[in-house]
Amino acid sequence: MGMTIAEKILAAHAGVETAKPGQYLWCKVDATSGHRLADLEALGVDKVWDPEKVFHVDDHQAPPPTIAAANKVKEMRRLIKKYEIKNYFEYGRGGILHQVFAEHGMYAPGDLVAQCDSHSTSGGVFNACVTNANLDAVHVLAFGELWFRVPESVRVVLNGTLPAWCVGKDVILKVASELGTDYGLYKSVEYVGPVASQMSLAQRWTVSNMGVEVGAKFAIFEGDEKTDAFLSGRVNRPYEHVTADPDASYEAEYEFNLSDLTPMVARPGDPGNGVPVEGVRAERVKVDQAFLGSCTNARLEDLEVAARILDGKQVHPDVRMLVSPSSQEVFGEALKAGYLETLLKAGALVEHSTCGPCYGGHLGVLGDGETCISSSNRNFQGRMGSPLANVWLASPATVAASAIAGEIVDPREYI
Amino acid sequence: MMETVRTGRVWKFGDHISTDFMMPGHRVLANPDLTVEEAAKFCMEANRPGWAEDEVQPGDILVAGINFGCGSSRNGSQSLKALNIAVVLAESVSRIHLRNAVNSGLPTLVAPGINDFVEEGQRLEVNIVTGEVKNLDTGATLQAEAWEEGTPPYEILMAGGLDAFMKTKLKERGRISA
């Protein structure tokens, strides 16, 4: 019996010939993040297993808004020095970890990475098994190993041709709205098909990023020339694309024809509440805040599309639009390309790269009864601040168009 | 060693209870100097105000629907444990949350059918090793999914959590002194 991508990668990292769903394996892990260094120190361990393979950046309260947060980061800097962590990115040279770590070559096809933060499924865009380890990231720091239950694999086949003004965000909101936010629960999801190939790397990245929103352990794409183009100059070790065997076994296979897809929004409460935005138009949902940011949708082409829509226009007087690029590298590229100037002229507030607004931390928390249209990943009650606020999820184009209109609109009206 | 058989009164929660509910970002992540106990006071604040502060009692059992612990990787089990929840039973549990629960030493069992099996306020007896669940009010029984003996999550849970498991392993490998 053949193997899926996840089964191949897990088997290779456990040093066994085959891996089957349900099996428990201790695997060698290629890299992790530094979040649990304090736990390592508390256990009395004086060395990490490999300081070259530990990456760290402070992104959630960056830079610190409170003394308590400042002390926490100060403590982390001490640990970074003590454990001689090589890949540490200070404010101004960092950004949101999923973007920053990728820019610095942490992920390559065939890798197995377990790191902190739930959106670690993002790394699956690089044809790798990348997932969250939280408390047990300390086990990786100490031993370079972690246990895995080999997940069942499911295949999502994205057929057709993606229409203009539909992007990866619309695809994942559509898929989650039909399959529910638990179709990937404890599973490895492989995204394949013509639309998977058609999508840019950044669009696929959004789909992998929201893998965790459908419960997935891994959210993997196949590797191709777009994967290699991004990794070129960033990853210097040899790697090979991993493909599933033709006779690999999947627990389920879901097919979508996306040729008729239209821009989507997810109603407040759950990322699976996706509906076509044209169906919401008549409700005239007033927007207080438009957020273009997060590890989900704040890459260069996301900023580019927003700039194109906002070029020569103004953000609605009753709306504040917050823009936070996914990394400082992206910030610099967007600056050079003129996108940030366009956004500034339109009246948007351009922030540095941070997780702040997305998780309701700082730099744009919502008040009672406010409504936000957001390019981020979660619209749970209370996610972006007040439990009485409403968060709608959408693509960068829909966020930008709604910022102009002051209500949730179809971006195709604003092109 | 873990206490194997646990009895308690049931609180029922619905489907897709996210870790944002258990550990609200604007309360907990934004305030890193909160103690574990202080953070736990905000548990379920958005969906069930007052529950953590006034209603839940040590030894109670939490029963939930599908996809319990979805969303963020923040350790919701830490707050549930601080509230002295004895056991969590859910129709299904998110992967990240399940690992956090094992690592925190909070028995969290996938128990298909649990939603219809018990009403809020009834008492359950749960064997966390075998997965046997008994409704002490109705006498009915249900089989939850037990961790297979010898698997890593079983070993970690039985050790009382990741910390104790790691200490033993580090000593065995000579990384810390015995």
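The model is a predicted one.

In general, the strands of a sheet pair through backbone hydrogen bonds, and the pairing can be parallel or antiparallel. In chain A, four strands come together in the order β10-β9-β8-β11 to form an open sheet, with parallel pairing. Its edge strands are β10 (218–221) and β11 (252–257) of chain A, each of which pairs on one side only. On average, neighbouring strands of this sheet are turned by 20 degrees against each other, direction ignored. Looking at one pair in detail, strand β9 (residues 188–192) of chain A joins β10(A) in the parallel sense over four bridges. Here Y191(A) is found opposite F221(A) of β10(A).

Helix α1 (residues 5–14) of chain A lies across β8 (153–159), β9 and β10 of chain A, and runs at about 110 degrees to β10(A). Helix α6 (residues 168–179) of chain A lies across β8, β9 and β11 of chain A, and its direction is at about 125 degrees to β11(A).

The cysteines come next. Over all chains, the count of disulfides is zero. C129(A) is in no disulfide, and the nearest cysteine sulfur, in C27(A), is 9.1 Å away. C129(A) is also buried, with a relative accessible area of 0%. What keeps the sulfur of C43(B) from a bond with the closest cysteine sulfur? The closest one, in C70(B), is 14 Å away, which is too far for a bond. C43(B) likewise counts as buried, at 1% relative accessibility.

Key
Residues numbered from 1 in each chain as written. Chains lettered and ligands numbered in written order. Predicted model: local features only at pLDDT ≥ 70, side-chain atom pairs only at ≥ 80, totals over all residues. Heavy atoms only, no water. Pairing = 2+ DSSP bridges. Helix = DSSP H or I, 4+ residues; strand = E, 2+ residues; numbered from the N terminus. Axes fitted to C-alpha atoms, helices over the stretch in contact; angles between N-to-C directions. Contact = heavy atoms within 4.5 Å. Disulfide = S-S within 2.5 Å. Buried < 20%, exposed > 50% of the residue type's maximum accessible area, 1.4 Å probe, protein only.
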